[in-house]
Amino acid sequence: MRLAEDALSGSHGPPPRSLTILEPMASQNVPAAQQSELVIVANTLPVRREEVDGELGWAQSPGGLVSALSPIVREAGGCWVGWTGGADDAPEPFRHEDILNVAVPVSEVEVAGSYQGMCNSTLWPLYHDAVRPPEYHRHWWNPYVAVNRRFAEEAARRTALGGRVWIQDYHLQLVPRMLRELRPDVSSGFFLHIPFPPIELFLRLPWRRAVLEGLLGADVIGFQTPAGAYNFTRLADRLIEAEPQGETIRYQGRDIRVGAFPISIDTDRYANAALSPEIRERAEQLQQLRRGRKIILSVDRLDYTKGIDLRLKAFLEWLGREDRSIRDAVMVQVAVPSRERISEYQILRRDVEELVGQINGEYGELGVVPVQYFRRNLPFEELIAFYLVADVMLVTPLCDGMNLVAKEYVATRLEDDGVLVLSEFAGAAAELPDALLVNPHDVNAMAATIEQAVTLDPEDGSRRMKAMREVVRRHSVHEWAAQFIEALV
Ligand code: ADQ
């Protein structure tokens, strides 16, 4: 059944401000010779300011996306349009390691309305199963539109005739359509890093039609999982006159490809790091943590979608078993601070820290602490050393687009040992069915799975890890990026 147009606008006043009427532009003050065949558009630039020899310069940002895309963009003589992350901070376009970085200015009011508001307090919780209530504020929508328009205009200026533009993530969902209006000659793709929600949730969004039409401006729309692609296709069928036909949607005379492009990691980088003598030495030092106990590790951004609080409750429950004690296992929770200006994140931090205090207070003994909690960003080498000593890796998000931590752990287990406990609701579960899969909302089941993990038959564990390692070996982030760009012809 298709929803009636009236019903769409009726409950929310007039239909959303039209996104159209952007005049097509040819090159707009960037000479053709300086335009790029391949343009990446992402919320942030692939570089960040860093002090080098006492002087402020630019350094490549950490993270899989940047390391996967940089070589491809470089090879294509390409350009990256993004925000520096600072309010009103827009240095002139500059080259860094052969990539032209074009900074888009975002004002302080826009950071509050678009980034913290619409992106992180509306879209983020809504797309993650509404595990926290999304907030809908009309005064956040206009800054979101304005920021998207600025990104689209910059991408339009920078792209060569017939070039390709790849737009990343939920911050920029209106850009594909705006770009099409400005530059009908370019082909564009959009990739969503977070889950695309079921229609029943998406329809709550007051600006649902504008967002859907924004996305449908792309030629290729990629999701982490087939479920995301399915949700999107079903929505397009219900909400507007789009006709799904297998892997494509026919809309306004165009065929739009919709599919799953599961992201991965730089597998070789993790596998090589696991062989590094310095990192192995550091892992040996970390073994001191063990003192006869199993090491259970979790590594997350401190985000309410990651299920950190329920996981701690499950560990508490496991410790309470008659046959278990703090001499059997230590839990190491590493949490990198995130979005700290948003109140839901402040509440989460307080809850997590209270739980850690409760467990350590109830069960700890002099010199034996059951939960080791580190609220910080670990350097890469230290992260790998932690992966190497972990007997059990608990990755239990309530909802997650993919979850790279699960894949990173697997990639470092060169001896096929170690047990991955993985949430059914992480995109990674679709590719790693050999993990011990768990429902993160079910604290009893999680406690039982922790028990299963610490007692798993080594042969069974090794078979599972081998199969998972093969998956991440075969499909790295480099293949992911190449496949998507190839689809953009
Ligand atoms: P994130 O929600 O940020 O990404 P994730 O995929 O787990 O989640 O990536 C986090 C990255 O940060 C990993 O590379 C991890 O190693 C690193 N990290 C986390 N905590 C750390 C710590 N304390 N110290 C150092 N490093 C830490 C979004 C989506 C995901 C999707 C990715 C990529 O939410 O579902 O997998 O994008 O598409």
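1. Helix α4 passes helix α5 in a right-handed crossing. A crossing is right-handed if the near helix is turned clockwise from the far one by less than a right angle, and left-handed if anticlockwise. Helices (H or I, at least four residues) and strands (E, at least two) are DSSP runs, numbered from the N terminus. The model is predicted: local features need pLDDT of at least 70, side-chain atom pairs count only at pLDDT 80 or more, and totals for chains, interfaces and linings use all residues. Residues are numbered from 1 along each chain as its sequence is written, and side-chain values use heavy atoms, with hydrogens and water left out.

2. Two packed helices are described by the angle between their axes and the distance between the axes. For α4 (residues 138-158) and α5 (residues 175-182), the angle is about 45 degrees and the axes are 9 Å apart. This makes α4 oblique to α5. Angles under 35 degrees count as roughly parallel, over 145 as roughly antiparallel, 65 to 115 as roughly perpendicular and the rest as oblique. The axes are lines fitted to C-alpha atoms, for helices over the stretch in contact, and the angles run from 0 to 180 degrees between N-to-C directions.

3. Which residues of α5 does α4 meet? They are Val 175, Met 178, Leu 179 and Leu 182, and the α4 residues that meet them include Val 145, Phe 151, Ala 152 and Ala 155. Contact means heavy atoms within 4.5 Å. By class, the contact of α4 with α5 has nine nonpolar, one polar and two charged residues. Here Ala, Val, Leu, Ile, Met, Phe, Trp, Tyr, Cys and Pro count as nonpolar, Asp, Glu, Lys and Arg as charged, and the others, Gly among them, as polar.

4. Val 165 lies in strand β7 (residues 159-168) and counts as buried, at 0% relative accessibility. Buried means under 20% relative accessible area, exposed over 50%, and partly exposed in between (1.4 Å probe, protein chains only). Among the residues that Val 165 touches are Ala 155, Leu 179 and Leu 488. Val 165 and Leu 179 are 14 residues apart in sequence and 9.2 Å apart in space, C-alpha to C-alpha.

5. Gly 82 is in strand β4 (residues 79-83) and is also buried, with 0% relative accessibility. Its contacts beyond four places in sequence include Ala 42, Val 104 and Phe 151. From Gly 82 to Ala 155, the C-alpha distance is 9.6 Å, and the two are 73 residues apart in sequence.

6. The α11 residues in the contact are Ile 308, Asp 309, Leu 312, Lys 313, Leu 316 and Leu 319, and their partners in α12 include Leu 348, Val 352 and Tyr 363. By class, this contact has ten nonpolar, one polar and three charged residues.

7. Where do the buried residues of α9 (residues 267-275) sit? Thr 267, Tyr 270, Ala 271, Ala 273 and Ala 274 are the buried ones. They cover an arc of only 160 degrees around the axis, so they are on the same side of α9. The arc is that of the directions from the helix axis to the C-beta atoms. Asp 268, Asn 272 and Leu 275 are exposed on the face turned away from the buried side. The cover over the buried residues of α9 includes α10 (277-286), α13 (380-389), α14 (404-412) and α16 (458-474).

8. In α10, the buried residues are Ile 279, Ala 283 and Leu 286. Down the axis they fall within an arc of 55 degrees, so they line one face of the helix. An α-helix has 3.6 residues a turn, so residues three or four places apart point the same way. Pro 277, Glu 278, Glu 281 and Glu 284 are exposed on the other side of α10. Among the elements covering the buried residues of α10 are α9 and α13.

9. Two loop residues deserve a backbone check. Asp 88, in the loop between β4 and β5 (94-96), has a positive phi of about 55 degrees although it is not a glycine. Asp 416, in the loop between α14 and β17 (419-423), has a positive phi near 55 degrees. Asp 88 is exposed, at 54% relative accessible area, whereas Asp 416 is buried, at 11%.
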